[in-house]
Amino acid sequence: MFDELFTISTLVGILHSCVRLATPYLFASLGETFGQRSGVLNLGVDGIMLMGAFFAFYVVFEGHNLWVGLLAAIAVGILMGLLKAFVSVTMQSLQGISGIGLYLFGLGLSSLLFKTLIGSVEGVSGFRQLAIPFLSDIPGIGHILFNHNALVYLAYLMVPVSWFVINRTTLGLKIRAVGHNPEAADTLGVSVNGVRYTTMMIGGALAAVAGASLSIGLQNVFQENMTNGLGFIAVALVYFGSWRTVGVLGGSLLFSLVNALQLWVQALAIPVPSEIAVMMPYIMTIVVLAFTARQIQKPAALARSYERGE
Amino acid sequence: MLRQIRISMLIFLLLLAACGGSDEDDGAANAEGAPFRVAIVMPSSTTDIAWSQSMYDSLTTVQSEMGGEDALKIAFSEGMFRVTDASAAIRDYAAEGYDLVIAHGAQYGNSVFEVASDFTETSFAWGTSSDTGADRGIENVFAYGAVANEGGYVNGVVAAMLSTNDVIGVIGPVAGDAKLYIDGFVRGVTDVKPDAQVNVSYTGSFSDTTLAAEAAHVHIQAGADVLTGSAQQVVGAIGVANENGVAWLGTQSDQISLGPNVVVTNQIYNWANVISDMIAKIETGELGGTAYKLTFENDGLRLEFNENIEIADEVKEAARAAIEDIKSGVVDPVLLEEDDE
Amino acid sequence: MLTGRRRIEDQFVYGIARPTGGHRAVNFRLNAPYVQMYGIVKRFPGVLACDHVDFDVRRGELHALLGENGAGKSTLMRILYGLYQPEEGRILRDGAEVTIHSPTDAIRQGIGMIHQHFMLVDTLTVTENVALGLKSSREPLLDLDRVEAGIRELSEAYGLQIDPRAPVWTLSVGERQRVEIMKALYRGAAMLILDEPTAVLTPQEVEELFVTLGYMKENGYSLVLISHKLQEILSISDRITVLRSGRLVGTVPTKDMTRQELARMMVGRDVMLERDRDDEIDVGEVRLRLEDVKAVDVTGQPALRGVSLSVQGGEILGVAGISGNGQRELAEVIAGLRPMTGGSVEMDGTPITDWSTARRTEAGLAYIPEERMHDGIVRDFAVSENLVLQEHTSDKFSHGIFLAFDYIARYSRQLVQDFYIKTPDIRTMTRNLSGGNIQRLILARELSRRPKVLVAAQPTRGIDIGAIEYIYQQLLEQRDTGMATLLISEDLDELLALCDRIAVIYEGQIMDVLERDKTSAEELGLLMAGVHPERQ
């Protein structure tokens, strides 16, 4: 009975699902990685995602181009990031609490705007599946990797881009320094708050794109609280990935793989109780976390606001 | 510390501004000719195009039948997935003197009976259930539910006729929930095509639209060419069905707006008659004790075809025939069981 | 090292944040003033930290800045580095007036500062720490290869041995200090302010630092060394400026000075720092004995691996070692504050291994803890309350459950007077006292009980020379009355001045116990680094 699971077409299907499912997690957790590496914990990712999802959807719903929708989401994400930065960096509020506040704010405002501006659940035509010529013809791999919508490709492109920015640019060096020893960075003329504002804006933009990837990419609808706590899992994935982009990629893929697997196990009527199937991703997450509890890279100044002392 | 409190206040105020849109109404006097006041507590939002919306839409229908806000005032609390929140809301509405408080979720049972025994002058309604608490001496609770397997059966018949691959996908929320609908659906399919394959998958959530969307992808890749599903999470799945041009059969609310070209039928829960009857009873002083069931027979269930797309007459005919068979009792779509959403 | 050295002109090629002015030390004239400060005034609430102070540094000079705590030396240098703004006064660089608002301005003027607490990012490599905050040659991308090449050249030129690719967390304290110096050099500093740079180094690392500073001097760098170690200043500096209570006492050429003269300038009177070598005392019975004592540190790692020591009455036994080799645990084990995992402790022949701290105190053990602000006093208690902290339940200070306030007040006033504790009142919050006065308070409390055994951990760290002198006097007086003292210190000069015997601790083990008169700082330094000459 498990034979069905190991046919080529099923395995390809599972991996294809996995690659697609990881998209919102990747955007959101890469964005969160920027923030956390600079020492700011943003628990409001889910709220920013909802705002991004709503604005992208609304702009497209109003008849504009998909890319305009994406830009609208990015703009809103940057604004939400600025709000978070203002509260946590300038006002030095406790980062955990202000993050939850931002989440509730995003949840409430996106619901309110949805009710007043749209009113009922509607559909739009989102980013279409875009098979990459030639590459998508490769048997197996082609379908798994090169037969997705544009936002999926963008998510995976963000992995090396984020890695490069963090590890190979002067901004990245400042981010890493500020997250670990803001006093030291400050004495060298690095603006600690400036760097943290920047990472909050980057993180906000990426979280908003994560939301847009749902509302105009993967589902093409908007519903209140449609992220269903996905942003919180994205924050957990940053810890899971030990604050490294490749770790975040691995975590997102693993989490998505197990999710894809359980959907396929059920859809193929393989006799595993669906309760067990539904629990699989969480069990897997706990197991992996237990074995990867390395915290070497944890930014020492994470969740600590910085005030220049004498 | 002070600073933190100040910022928390700021955020809180922002939130209030953001969430202040609910249709609360406090100042209504209970004078002669004053409107009937009904409050509803529901697990998801009024726009979930599923369970909660079906009740909200029915309420507004009754409202316009009765003559608008002057005759019927509606207050609601949505997104009350957590029972503790719902319990507090039910008690608040009762204390504020609402004439009827509807607890629109199977999980609210204990809360309803607890509050009902404290506010014996207020009428309550609990769905999904057939238990009015009469055996516990409670007299002010109505119960209601939908015989969803009836619509499930008809949708199953339609699915079997539409499918050319003979593979059909079902997306459920939490295993056990929506059981009536899914059992009826499977029975309907197999009555028409005994060899057709029905793949059922659960996401483990009512609201995980992302996983529901992916489940739709999975079913399509596994060969399904007709899909159905339940709970508010299905919006994601309908989006996917729409994008892939795969037929979707809806339940609970009207879902055509999401998939104008793929949604073929909707089983719609019409609570209007139930609500009107409850209001009539309350006004004569009967505060509870009745258990209502939505069926095709009592017009509580309706099957609506999507007018925008062309549907073969034989499919429509088979669906109508199935409804008639159910009404007349020729077909009994699986045993009637309790507790379905 | 010498062969690889380059002339100063070449060094500044790598300084990206190059000053706009002509500070580059190209064509410098040795002995020309680089920075001049005139009439600097800085007030803090209630204190005049700098009162019209003049100060200048020449090119190619090592200028020591000397003074007690609170004399204003750190404030003066923080003004120069842009951390504070002066109320009055002028700062000139190369003869032209400049304004320095921030460390960034200071760096632009060629002024770098090496803080006592290193400002390094542990997780980054040496190269990344140096590159941090600099404009890259190919913005926005990093140019670490170029920075690394620059580091290697500077490193060779000044004997600053560092691996540019090593992450900072793998480096020793001495290496980290080199990274700090490298940061300043790479930024094109022509002048370095070093704040107590030797406090954290081993004698060997001090030597290496001084060699580096020598090279820098030759190449025209101006160096300011803030220190209170007289011996060190006398051996390395060219000129010395002494500050006292915010005022300039004088600037003198080092070659004309002796320790005694410097101490007099600092304190304003004659200071007795040398122990009278003639006084032979009678050594009595063993009062404190440790046998094979084992203990673990806060992380559960072994900190003491079998320490055996004995201290006799009328003797001061010193414990030398680099910080973190088990000294803290040793003191805490004797005081009864840390459980032992093996071995035994005896006092006057009685095993006290299982005794509580209170019982040890009662039996005549006194303890001056290393973290005096945390472990020695209650910061928010009044001076008088802290003075009777340990004995407040004894009949002297209480009637039943009530404290005898009148007696406590009289007793406290007496101690404040006897031990020269500078406090406005005995009801003053202890947190408002200076470090030296808090140490006097602890000393007063501990010694007034006429203890049999005293354990003193770093009793003079961070306090001014006047208070140090007083503490030395007290320790020697008590010794003469037959008390056994275990003195744990990282200051070799102090140990050599006070102790009869010196034990060296390294990685939780006693390397050796040496007679004071038969050893030297060099021998102790090697032992402190874990090198035992006789055992090799």
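Predicted model: local features only at pLDDT ≥ 70, side-chain atom pairs only at ≥ 80, totals over all residues.
Residues are numbered from 1 along each chain as its sequence is written, chains are lettered from A and ligands numbered from 1 in the order in which they are written, and side-chain values use heavy atoms, with hydrogens and water left out.

**Stop 1: a helix in chain A**

Select residues 150–168 of chain A, which form helix H6. Helices here are DSSP runs of H or I with at least four residues, strands are E runs of at least two, and both are numbered from the N terminus. H6(A) has 19 residues and reaches 26 Å from first C-alpha to last, close to the expected 27 Å; the expected span is 1.5 Å times one less than the number of residues.

Now click on A:Met158, where H6(A) has a kink of about 25°, shortly before A:Pro160. That bend is the angle between axes fitted to the seven residues ending there and the seven starting there. A:Met158 is also one of the buried residues of H6(A), buried being under 20% relative accessible area, exposed over 50% and partly exposed in between (1.4 Å probe, protein chains only).

Step back to A:Asn149, which caps the N-terminal end of H6(A) with a side-chain oxygen 2.9 Å from the backbone nitrogen of A:Leu151.

**Stop 2: a buried lysine**

Move to A:Lys84 in helix H3 (residues 66–90) of chain A.

Show A:Ser98 next: its side chain makes a polar contact with that of A:Lys84 at 3.0 Å. Such a contact is a pair of N or O atoms within 3.5 Å; within protein, one must be able to donate a hydrogen and the other to accept it, and residues adjacent in sequence count only if both atoms are side-chain atoms. The backbone oxygen of A:Gln95 lies 3.1 Å from a polar atom of the A:Lys84 side chain.

**Stop 3: charged pairs in chain C**

Over all chains, the structure holds 44 salt bridges. Select C:Arg43 and C:Glu87, whose closest N and O atoms are 4.0 Å apart in one such bridge. C:Arg43 lies in strand S1 (residues 33–44) of chain C and C:Glu87 in the loop between helix H2 (73–80) and strand S4 (88–93), so the pair ties together parts 44 residues apart in sequence.

Next, pick C:Arg239 and C:Glu61, whose side chains meet in a salt bridge at 2.3 Å, N to O. Is C:Glu61 buried or exposed? C:Glu61 is buried, with a relative accessible area of 3%, and C:Arg239 counts as buried at 10%.

**Stop 4: helix H16 of chain C**

Finish at residues 465–480 of chain C, helix H16. Here 13 of the 16 residues are buried, so H16(C) is largely enclosed by the rest of the structure. Find C:Arg479, which meets C:Asp500 in a salt bridge (3.4 Å, N to O). This pair links C:Arg479 in H16 with C:Asp500 in the loop between helix H17 (492–498) and strand S21 (501–506) of chain C.
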